[in-house]
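Here is a short note for someone opening this structure for the first time. Please read the points with the structure in view.

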Amino acid sequence: MGIAETYSRGRRLATQNPVGVVVAATAVVLTLDLLGALATGGVAVSRVGRLVWDGLMRGLVIGLAGIGLSMTYSILGFANFAHGDYTTSGAFAGWAATYLLAGLGRADVGSLLLVGAGGSVFGAQLGIGVVATPLAVLAGLLTAGAAAVVLALAVDRVVFRPLRGESGIALLITSIGVAFALRNLLQFVFGPARRGTTDAGAVPDVEIPLADGAVTVGAHDITLLVVASGLMLGVHALLQRTKLGKAMRAMSDNRDLARVTGIPTERVVTATWVIGAALTGAAGYVLVLWKGTMTFNDGWLLLLLIFAAVILGGIGSIYGAIVGGLVIGLTASLAAVWIPASFARAAAFVVMIVVLLVRPTGIFGGRSTA
Amino acid sequence: MGAESAAGASRSAVVDAPDEDRLLTVRDLDAGYGDLQILAGVDLDVLDGEYVVVVGPNGAGKSTVMKSVFGLTTQMGGAVRFADSDITGLAPEEIIHEGIGYVPQSDNVFSSLTVRENLEMGAYILDEVPEDALSAVFERFPVLEERQGQRAGTMSGGQQQMLAMGRALMLDPDLLLLDEPSAGLAPDLVDEMFDRIDDVVAAGTAVLMVEQNATEALSRCDRGYVLANGENRYADTGDRLLSDPQVRQEFLGG
């Protein structure tokens, strides 16, 4: 090791450390500020509790949707900008199924299938909720996943497969085109209006007392928690335990070697789309269930946060996507303690930039789907 | 053999052998990448259980021969037969079913997978991981058994090379293609690597190997081929190639 390298290493440390110091100092100041505010009653403990819970919910959705984005990145080598619209498409298909099952006989089938386009029928009016209409919700969840899978495979067949082997940039730009097409199609079919999808008032909840108040945990919060964490555990088991999962990791590691080992690479690509799309469709569905409203550009708006989460976690790693999702969700939510809520999203991106300054490859960077 | 002098190495690349002893038969092969032709009329034979080495200067097309056998190049002419089947133009995922294993020169392990998972991937085309093949690999490379839970990317170059070979042996191939197995290894490991390859040959697997370390490889193999500019130059037993002054001067550095 030469002197020059010792020098440059010293300089690297010197240029990295200040950032680390500033980050640590900022974190300490913010924590002290929060503790002070909590002690003096400037910020209610229960409010922080509610924000943490809210952030957890958002984080789980972002992480769940991010897994698919990260998987397609690591195995196909491109950032799929249409991913957010797969989320929305899955959600619309799922909610069409839920409306149909919950409202059959009470409203005409057309309005139900269009998820009440043009204000023809409302979720509240159909009494939709996980407790009131569990079968409709379950069927909707499954339909959302299945529809996103069908869509992703169809788009891959028509658009991405002919471009296999092209550069990541060509695919990325193509995927932006796909995103626009899908979003406009959704708007055309289902209409532009935001609609209420659940009978939010009738969803049972429990108040968990916390110091000076309470955190409300509703049945839809629990549904989201169970669905998201269950699917995440499922993906983990798939990747670590099954032959297919190991082949997916092998392929994201080294595609050429996978081929000479006899791994059927096109079949693994298909499996990647299937799993990634199913998760993102399910994420879209539970997000709408939890929020109680939906519109055609939900997924597109979520995509920025999903990208932030995936990049923060280390693109290509599914565990990075989950952790990144939680960090982004919690930040976007908790930032409201210090800054106006309308800027909270921006705070999530600040955190992403800071993490990338300290660790340019992301939290789980360089571990490719493992 | 059409030798030019009593001690001279043969230039004829074709081996006379009964059909049932033939494993790999490459005839008049033209191949390359895309439009770029590298090989011109290459002949090469590997008999059952034989240890064959391909040597030659950089850019001679040694690795290209190997890749062509495994379907990784564009084949422009000629034929490749393996045992009883014509494998000319087949894809690697088909050729692996025929009983050929291939170990690329570099990037030849899945670095984020564990040692055991790498070996399991070697048997991907089978429904189940063959336990007997796995224990045979562990017996041959004990270090792999000790480290089966370790990520392959964290092992030394020599261990990775053994893992790569172990992965290719999981299907118990009739022919193992090794592309410069000693590349990048420390000198004391090179001998060990060659010893392991001798073991593989002794166990009945035919080996076709490309090697920079020509003298050592030729002294251990049954037969050798000298390639230059994508064409056959010499072909004979390793010892005769090594003792031919012209071969030594042209290709083995005197």
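1. Start with one term. A residue counts as buried when its relative accessible area is under 20%, as exposed when over 50%, and as partly exposed in between. By that cut-off B:Glu180 is buried, because its relative accessible area is 7%. Keep in mind that this is a predicted model.

2. Stay with B:Glu180 for its backbone. Where does B:Glu180 lie? It sits in the loop of chain B between strand E7 (175-179) and helix H7 (187-202). For context, most residues other than glycine have a negative phi.

3. B:Ala83 also deserves a look. Phi of B:Ala83 is positive at about 50°, although the residue is not a glycine. The loop that holds B:Ala83 runs between strand E4 (74-82) and strand E5 (85-86) of chain B. Is B:Ala83 buried or partly exposed? It counts as partly exposed, with 40% relative accessibility.

4. Now chain B as a whole. It has ten helices and ten strands. Its C-alpha trace spans about 55 × 40 × 35 Å along the principal axes. The radius of gyration is 18 Å. That agrees with a compact globule, because a globule of 254 residues would have a value near 18 Å.

5. The inside of chain B comes next. Of its 254 residues, 54% are buried. What share of the contacts with a separation of 6 or more comes from residues 24 or more positions apart? In chain B the figure is 68%.

6. Turn to the interface. On it, 19 residues of chain A are in contact with 25 residues of chain B. The area buried between the two chains is about 1900 Å². Carbon and sulfur atoms give 58% of that area.

7. The interface also has polar links. Nine residue pairs are in polar contact across it, with both residues at pLDDT 80 or more. Two elements of chain A each give two or more residues to the side that touches chain B: helix H9 (243-253) and helix H10 (255-261). Which of the elements gives the most to this side? H9(A) does, with six residues. By type, the residues on this side of chain A are eight nonpolar, five polar and six charged.

8. How many salt bridges cross between chain A and chain B? The rule finds three. One of them pairs A:Arg259 with B:Glu93. Their closest N and O atoms are 3.4 Å apart.

9. Over all chains, the salt bridges come to 20. One within chain A joins the side chains of A:Asp85 and A:Arg183, at 3.3 Å from N to O. This pair links distant parts of the chain, 98 residues apart. A:Asp85 is in helix H3 (residues 83-103) and A:Arg183 is in helix H7 (residues 168-190) of chain A. A:Asp85 is buried, with a relative accessible area of 0%. A:Arg183 counts as buried at 8%.

10. B:Asp45 forms a salt bridge with B:Arg27, with the closest N and O atoms 3.0 Å apart. Why does this pair tie together separate parts of the sequence? B:Asp45 lies in strand E2 (residues 36-47) and B:Arg27 in strand E1 (residues 22-33) of chain B, so the linked parts are 18 residues apart. B:Asp45 is buried at 0% relative accessibility, whereas B:Arg27 is partly exposed at 24%.

11. Back in chain A, there is a network. Salt bridges that share partners join A:Asp156, A:Arg161, A:Arg164 and A:Glu266. Within it, the side chains of A:Asp156 and A:Arg164 meet at 2.9 Å, N to O. A:Asp156 is buried, with a relative accessible area of 2%. A:Arg164 is partly exposed, at 22%.

12. Last, look at A:Ser46. It lies in helix H2 (residues 45-76) of chain A. Which residues is A:Ser46 in contact with, leaving aside neighbours within four places in sequence? They are A:Leu210, A:Asp212, A:Gly213, A:Ala214 and A:Val215.

Notes:
Residues are numbered from 1 along each chain as its sequence is written. Chains are lettered from A and ligands numbered from 1 in the order in which they are written. This is a predicted model: local features need pLDDT of at least 70, side-chain atom pairs count only at pLDDT 80 or more; totals for chains, interfaces and linings use all residues. Side-chain values use heavy atoms; hydrogens and water are left out. Contact means heavy atoms within 4.5 Å. Buried area is the accessible area (1.4 Å probe) that two parts lose on being put together, summed over both. A salt bridge is a side-chain nitrogen of Lys or Arg within 4 Å of a carboxyl oxygen of Asp or Glu. A polar contact is a pair of N or O atoms within 3.5 Å; within protein, one must be able to donate a hydrogen and the other to accept it, and residues adjacent in sequence count only if both atoms are side-chain atoms. Helices (H or I, at least four residues) and strands (E, at least two) are DSSP runs, numbered from the N terminus. Ala, Val, Leu, Ile, Met, Phe, Trp, Tyr, Cys and Pro count as nonpolar, Asp, Glu, Lys and Arg as charged, and the others, Gly among them, as polar. The radius of gyration is taken over C-alpha atoms; the globule rule is 2.2 Å times the number of residues to the power 0.38. Buried means under 20% relative accessible area, exposed over 50%, partly exposed in between (1.4 Å probe, protein chains only).
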